[in-house]
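Have the sequence and the 3D view ready as you read.

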Amino acid sequence: VRNKTILYIIRGRLRSSGNRRQMKNLILFYRRRGIILLFMGLAFFFFLNRESVAQTGAARERWAVDAAGGAAQTAGGAYTLRSALGSGIGIVSAGGAHQIEGGFLAQSSLTDYDFETGAEMWEFVPSGIPDFPFTAAQRASSGGFLTLGAADDNTFGYWESGFRTPLLQNRIYKIAFPLSASIDEQRKIPRLRLRAAMSDFQQSAVFDIISINAGEASPSKTPRIYPLFFQPSPIAAADGARRPLCAFFDLVHIGDPEDSLAADVMLHYALVDVFEAADFRNIETMKDYTFDANAEGWTGKNAGGTIGGFIVPSYSYEGGRSRLVMTVNDTTNTYGFWESPYFIDEIPSSAAKLYRATFTVGTNNSKPRTMPTVRLRLYCNNFQTASEISLEPRGDADAIPQAGVSRDYQVFLIASPAATSVKCAIDVIALDKPDNPQIQNGTSIYLERCLVERMEIPDI
């Protein structure tokens, strides 16, 4: 396994000066201590290699549509709306008529960016951010796609769509990221991170692609579609107009000598689709961790020690309540996680299937704004691909767990073609500034159940 070191970068929208300062301070905090947080030597992402860009969908055409999202009618029949971000020109594709819901079409594409005319309202970050602690990625928005490339061995940057896709209730979102690279040597592609987040950043989804070993999951000159499935909290979806969705396309190249500075990665388009629960078919239960009798092989990472300089939380199993527990005892420097059995292939992987882990998470903290960050992860045993949901005490903090109110969160994964099994983990992260503590010390995070299922990959 290649020695891929993964820097944990605090996510947040860097447009506000407060968040910019927070990110800078946190990164400097890490560097003063010489800390690089390893995601267990891995990162997380959703991946699909069964189709190429040339094989997808019906031909798209441009038609005038109204801002409310009405389906355009032509002499040739009905058309399905692809984008209704405002009045004027929208992108549509051939199809039947669909129900209008909340100004957008149900069971259809909500947002479609094809980059034919440039960045199409996507913005590059860190453009305009003073004292950014990394070298900004090389980027371009011409030729019908968005491009990112490494500038040196300390590169980070991303494109973001802006918060324009509304949340609908009882829907699961899929964001398709068709990617290709300027070289065919997949093991030399820098780390890529594909993300989606609600505008208050309480809940966000991430998938990472890391070119470990032969890099079978990384892009090549032949385009691949990498889909991210994301189910927003029903609390957030009920207020979907106020918490729209944003998509992100990141490149990270920090000190990996095996990755190439000459490798550019292109995003050909970004397509946001919505699904109902009934669209997920042939569901198999792969493993149901209920923790009724014991911890079922889960282990607390480095109990009683440290992880990369971080203090680990206290780990315990509460048999009377059938749950795994992590307790924060230092709000300024805590990172740790419970992990499902790693050396046993309990959950065999298949690149042709979609995996879903439903985590039931609780806490003893009755003040959600003082919660630590909680991360829920589903990943491959070869660490090439994985996914995560991050829960953060932002905004109203109403979509994250609170004392007496356990909540379910779903994490979706399409495995790397070179993986043999799938694993699960739950993390806690507490990185308060010592002079401005926000997190409640003694907060415990409970994992009450983790149900892992496998199903057909839904498509429209």
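This is a predicted model: local features need pLDDT of at least 70, side-chain atom pairs count only at pLDDT 80 or more; totals for chains, interfaces and linings use all residues.

Residues are numbered from 1 along each chain as its sequence is written, and side-chain values use heavy atoms, with hydrogens and water left out.

Side chains of opposite charge can pair when their charged atoms come close. A salt bridge here is a side-chain nitrogen of Lys or Arg within 4 Å of a carboxyl oxygen of Asp or Glu. Searching the whole structure turns up 18 salt bridges.

Start with E318 and R323, whose closest N and O atoms are 2.7 Å apart in a salt bridge. E318 is partly exposed, at 27% relative accessible area, whereas R323 is buried, at 8%. (Buried means under 20% relative accessible area, exposed over 50%, and partly exposed in between, using a 1.4 Å probe and protein chains only.)

Next, find K353 and E456, a salt bridge with its closest N and O atoms 2.6 Å apart. This pair links distant parts of the chain, 103 residues apart. K353 counts as buried, with 18% relative accessibility, and E456 as partly exposed, with 31%.

Now look at E453 and R356, whose side chains meet in a salt bridge at 3.0 Å, N to O. Here too the pair links distant parts of the chain, 97 residues apart. Both E453 and R356 are buried.

Finally, turn to R193, R195 and D250, which a network of salt bridges links together.

Notes: Helices (H or I, at least four residues) and strands (E, at least two) are DSSP runs, numbered from the N terminus.
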